[in-house]
Amino acid sequence: FHVAMIESGESAYGAAEAFGLNRSFADTARAPVWNAARFCQSLTVLPDGRCIQIGGEHAAGYDPDFFIYNDVIVHTPPAAGSADARWDRRVLAYPADVFPPTGSHSATLVGDEIVVIGCLGYPHQRRAGHTPVYALNIHTLQMRAVVCTGAMPGWLYRHSAKAIAPDTLVV
């Protein structure tokens, strides 16, 4: 399902319609339809050719399928010279206590990690004076919280970050 949704580019609404799901906010067992058609998602191209998409949000609060994701989509190109031209696509879902829902973040490749700074997130997860920082290991695909030193800029989103040294990012 995930790969079909990624490759088709179909929205949650389109997929729900295709399967005859009549969705509304009144649905008691409502769960959003997973999709990759998102806003505020980062895309990082790695030196080995893989592309990593992190988080993002689908639609807005007016849509029953509104959701802020805390997953990672890994797109791996076919091996050079391979007769099979298909890309391998994988979705890795993380528990919210390991990596909370994120969108409007920055994602900066630093060595063997993608450093994810900030996010808009859901209102209940925002903490005044705190800046969420996570790192995704590009080899193991493990996500970890990063302990930062110095003054935090607070809850930020829709920003950019740049590595200026192996252990220093400027937002």
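Mentor: Ground rules before we start: residues are numbered from 1 along each chain as its sequence is written, and side-chain values use heavy atoms, with hydrogens and water left out. As this is a predicted model, local features need pLDDT of at least 70 and side-chain atom pairs count only at pLDDT 80 or more, while totals for chains, interfaces and linings use all residues.

Trainee: Which residues have the most contacts inside the largest nonpolar core?

Mentor: A nonpolar core is a set of buried Ala, Val, Leu, Ile, Met, Phe, Trp, Tyr and Cys residues joined through side-chain atoms within 4.5 Å. Buried means under 20% relative accessible area, exposed over 50%, and partly exposed in between, with a 1.4 Å probe and protein chains only. The largest core has 14 residues, and those with the most contacts inside it are Ile52, Ile54, Val72, Ile114 and Leu136.

Trainee: Which strands each supply at least two residues of this core?

Mentor: Strands here are DSSP runs (E, at least two residues) and helices are runs of H or I with at least four, numbered from the N terminus. For this core the suppliers are β2 (51–54), β5 (71–76), β8 (113–117) and β9 (133–137).

Trainee: And what does Ile52 touch, leaving out residues up to four places away in sequence?

Mentor: Contact means heavy atoms within 4.5 Å. With those sequence neighbours left out, Ile52 touches Ser42, Leu43, Thr44, Leu46, Val72, Ile73, Val74, Ile114 and Leu136.

Trainee: Which residues of β2 point the other way from Cys51 and Gln53?

Mentor: In a regular strand the side chains alternate between the two faces of the sheet. In β2, Cys51 and Gln53 point one way, and all the residues on both sides are buried. Pointing the other way are Ile52 and Ile54.

Trainee: How many residues lie between β1 and β2 in their hairpin?

Mentor: Two strands pair if DSSP finds at least two bridges between them. β1 (residues 42–45) and β2 run antiparallel and are joined by four bridges, with Ser42 partnering Ile54. Gly49 in the turn has a positive phi of about 100°. The number of residues between the two strands is five.

Trainee: What is the bridge partner of Cys51 in β5?

Mentor: β2 and β5 pair in the antiparallel sense, over four bridges. The partner of Cys51 in β5 is His75.

Trainee: How much space lies in the largest cavity?

Mentor: Rolling a probe the size of a water molecule over the atoms shows where empty space is left. On a 1 Å grid over the protein atoms alone, a cavity is a set of points where a 1.4 Å probe fits but cannot get out; a pocket is an open set with protein on both sides within 12 Å along at least five of seven lines, and lining residues have an atom within 4 Å of a point. Grid points are joined across faces, edges and corners, and a volume is the space filled by probe spheres set on the points. The largest cavity, with Phe99, Val116 and Tyr134 among its lining residues, holds about 30 Å³.

Trainee: Which strand gives the most to the lining of the largest pocket?

Mentor: That pocket has a volume of about 500 Å³ and 18 lining residues, including Cys148 and Asp167 among those nearest its centre. Both β8 and β12 (168–170) supply at least two of the lining residues. The top contributor, with three residues, is β8.

Trainee: Which residues lie nearest the centre of the second largest pocket?

Mentor: About 180 Å³ of space lies in this one, and its lining has 15 residues. Nearest the centre are Pro100, Arg127, His130, Pro132 and Tyr134.

Trainee: Is Asn35 buried or exposed?

Mentor: Asn35 sits in the loop between α2 (12–18) and β1. Its contacts include Met5, Glu10, His58 and Tyr69. Because its relative accessibility is 0%, Asn35 counts as buried.

Trainee: Last one: is Arg158 buried or exposed?

Mentor: Arg158 lies in the loop between β10 (143–145) and β11 (162–165), and has a positive phi of about 50° although it is not a glycine. Since its relative accessibility is 61%, Arg158 counts as exposed.
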